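Biologist: Please take a close look at how the strands pair in this model. I would also like to know what lies around them, with the cut-offs behind each term.

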Amino acid sequence: MDIPVNLLYSTDHEWVKIEGDVAYVGITDYAQKELGDIVFLDVETVGEDLNSGDIFGSVEAVKTVSDLFLPINGKILELNPLVATSPDLVNTDPYGKGWIVKVEFKNLSITHLLNAEEYKNLLG
């Protein structure tokens, strides 16, 4: 299972990549494998300010629908246009082209997030 060391992780299986004053958020390799083939992403929160733990959208796989939880406080700047038209990128490249939203973070607090080793231990 792929768990890049340069990312932070939530216990809800989202990842965060911080670049300057923005962050990219997606779901982990573990999460995409558990969901199966992803067919649709629903993110209607673009432009909204949300808190860590708030639902920012949902992901629909062949057999299930799952909520997406924002791992940091911030404003949803955009939905990745690539996954909007090709949601399967979340399966094939979850940490690259398969990122889901770009967030302008506010009062960045990462103490509740896990590093790669802690996330690996969470998964057992």
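Modeller: Strand β6, residues 55-61, is joined to β7 by five bridges, and the two run antiparallel. Helices (H or I, at least four residues) and strands (E, at least two) are DSSP runs numbered from the N terminus, and two strands count as paired if DSSP finds at least two bridges between them. The model is a predicted one, in which local features need pLDDT of at least 70 and side-chain atom pairs count only at pLDDT 80 or more, while totals for chains, interfaces and linings use all residues. Residues are numbered from 1 along each chain as its sequence is written, and side-chain values use heavy atoms, with hydrogens and water left out.

A pocket is found on a 1 Å grid over the protein atoms alone, as an open set of points with protein on both sides within 12 Å along at least five of seven lines; lining residues have an atom within 4 Å of a point. The volume of the largest pocket is about 150 Å³, taken as the space filled by probe spheres set on the points, with grid points joined across faces, edges and corners. Among its lining residues are H13, A31, V59, D67 and F69. Two or more lining residues come from each of α1 (29-35) and β7 (65-69). By class, the lining holds six nonpolar, two polar and four charged residues. Nonpolar covers Ala, Val, Leu, Ile, Met, Phe, Trp, Tyr, Cys and Pro; charged covers Asp, Glu, Lys and Arg; the others, Gly among them, are polar.

Most residues other than glycine have a negative phi.

Other strand pairs involve β8. Two bridges join β5 (residues 49-50) to β8 (residues 74-79), antiparallel, and L50 has G74 as its bridge partner. β8 is joined to β9 (residues 101-105) by five bridges, again antiparallel, with G74 opposite F105.

N80 lies in the loop between β8 and α2 (81-85). With 2% relative accessibility N80 is buried, where buried means under 20% relative accessible area, exposed over 50% and partly exposed in between (1.4 Å probe, protein chains only). The N80 side chain reaches the backbone oxygen of K97 at 2.9 Å. Such a polar contact is a pair of N or O atoms within 3.5 Å; within protein, one must be able to donate a hydrogen and the other to accept it, and residues adjacent in sequence count only if both atoms are side-chain atoms. N91, in helix α3 (residues 89-92), is buried at 17%, and its side chain reaches the backbone nitrogen of I38 at 2.8 Å.

Key:
1 Å grid on protein atoms, 1.4 Å probe; cavity = no way out; pocket = protein on both sides within 12 Å on 5 of 7 lines; lining within 4 Å.
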